Each structure stands twice: as structure tokens, then as C-alpha cells.
Amino acid sequence: MIPAHATTTTHGAAVDSLAIVSEIPDSIKDRTPVEQPAPMSLEECMRYAVEHSPAVRRQDYTNRNYRQDYIESVASLVPAVSGSVGASTSFGRSVDPETNTYTDVSNFDNSYSLSGQIPVFAGLTGINTVRAARVMRMQGVEELQLARDEIALKTMQAYFDVVYYTESVRLAREQLETSTAELAKSRKLFELGLKSAADVAEVESQQASDDYLVT
């Protein structure tokens, strides 16, 4: 059921915000004098929901951890090289044995080191770790897409629920207006003697049923 005030297509749908606002009681309108935002299409709503979904964000953070684990597992198979440079200096006074006098002495020492390490065989542990990390990374990508699809589907369902129930309220109010006018007409005819009390009671029952449906 597509309302007259909404446009729905395969690629997008827009619900007139003024039509939805008209369903809000006046008491609530008076307390919220905030300018209403522009209507959003179905595609815009789905995109917004996916971008701001906590579940999607959590899965995205998890995928980042999977990516880091994969990088670390690959790096563990690469030869490691390390080096260091050290320097020290000292100064002071000492007695010259030849002249038996004090002389100023300063020393400067430096050192260099370089080492390398390469894994030869570790029972294929490193390779299996890389494979497992790759699988987890691919699984994370699928789970992220699944989370996005679920949020998009729920948003689409909620969007069309709004469209459907807004139109249902409009139709129910039109039916209530019709039955109310019919009740007024029946009462006039009853006063003129053209309708019985039973006929009026039947119309009153229908009008009460329509009013209940609107509520």
C-alpha cells in the first residue's frame, strides 16, 4: 500500500515529513518547535543506518585486529636484522709517572654490533599461522558485509512500516469522517421519522468501531 504523499521506487523512496508531522498531537508540537529535517529517501536511510550502526563499527574494529594479526604472522617468517651503536666518554686527572705531576685525561670509547636471525624450520607453525590469520581476515570481511546487509534490511522494513502505518491512519480517519457524517445524517432522518432507532444504533456502532480503529 503506497500513500499518496510518498514516492517509493526500487532505488529510493521518500516520505513527506509534513504528512508524518501531521500525525503528532498538538501538545507535542508545541513542546518541540524545532525545524523538521528534510525527508530522507529509503537509500539515504539505509546508508545512514549502516554508517552509524554500533554492530558494523564493532565488526570493523575486529577486522582491523584480524589484519594486524595477519601482518604479524607474515612478518614472523621474514629474516630479522638488528644492530646497535654505543659510545661512552670519561675524563679526569691522573699522575704522570714520568713528571710526577697531575695531567688532565679524557677517553672516548665506541662500539658497534650487527646481528641477524632467520627461521629455518619450526614444524610449519609459521605457515599455518599465516593461513589461519588469512582465513580469519577473509571471514571478518564476510561478517562485516553480513552486518551491513542485516542493518540495511531492518532499516528498509522499518521504513516501509512507517509508510504503511501512516497510510493506514489516513485511511482510518477518512473512514471515521464518513461514518460520522453518516451518523449525523441518520439522526436527522430519525428526527424526521424516516429511520428507526435501530438503524441509528447500527450507524452509531459503526462510527464507534471506526473511532476505535483510529485510536
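User: What is the order of elements in this chain, from the N terminus on?

Analyst: The elements run β-β-α-α-α-α-β-β-α-α. The model is a predicted one. The chain holds 6 helices and 4 strands.

User: Why are helix 4 and helix 5 called roughly antiparallel?

Analyst: Set the angle against the cut-off. Helix 4, residues 54–75, packs on helix 5 at about 165°. Angles over 145 degrees count as roughly antiparallel. Helix 4 and helix 5 are therefore roughly antiparallel to each other. Their axes lie 9 Å apart.

User: Which hand does the crossing of helix 4 and helix 5 have, and what kinds of residues make up the contact?

Analyst: The crossing is left-handed. The contact residues of helix 4 with helix 5 divide into 11 nonpolar, 5 polar and 7 charged.

User: What makes up the largest nonpolar core?

Analyst: Seven residues: Ala49, Val50, Val56, Leu144, Ala147, Ile151 and Ala152. To belong to such a core, a residue must be buried and joined to others through side-chain atoms within 4.5 Å. Helix 3 (42–51) and helix 5 (125–191) each give two or more residues to this core. Helix 5 gives the most, with 4 residues. In general, nonpolar side chains tend to be buried together in soluble globular proteins.

User: Which residues does Val50 touch beyond four places in sequence?

Analyst: Val56, Arg148, Ile151 and Ala152. Contact here means heavy atoms within 4.5 Å.

User: How far apart are Ala49 and Ala152, in sequence and in space?

Analyst: They are 103 residues apart in sequence, and their C-alpha atoms are 7.0 Å apart. Ala49 is found in helix 3. Leaving aside neighbours within four places, Ala49 is in contact with Ile151 and Thr155.

User: Why does Glu204 count as partly exposed?

Analyst: Buried means under 20% relative accessible area, and exposed means over 50%. Glu204 has 32% relative accessibility, so Glu204 counts as partly exposed.

User: Where is Glu204, and which residues does Glu204 touch?

Analyst: Glu204 sits in helix 6, residues 197–214. Not counting residues up to four places away, Glu204 touches Leu183 and Arg187.

User: What share of the chain counts as buried, and what share of its contacts joins residues at least 24 apart?

Analyst: Of the 215 residues, 20% count as buried. Among contacts between residues at least 6 apart in sequence, 66% join residues at least 24 apart.

Note on methods:
Residues numbered from 1 in each chain as written. Predicted model: local features only at pLDDT ≥ 70, side-chain atom pairs only at ≥ 80, totals over all residues. Heavy atoms only, no water. Buried < 20%, exposed > 50% of the residue type's maximum accessible area, 1.4 Å probe, protein only. Axes fitted to C-alpha atoms, helices over the stretch in contact; angles between N-to-C directions. Parallel < 35°, antiparallel > 145°, perpendicular 65-115°, else oblique. Left-handed = near helix turned anticlockwise from the far one by under 90°. Nonpolar A, V, L, I, M, F, W, Y, C, P; charged D, E, K, R; others polar.
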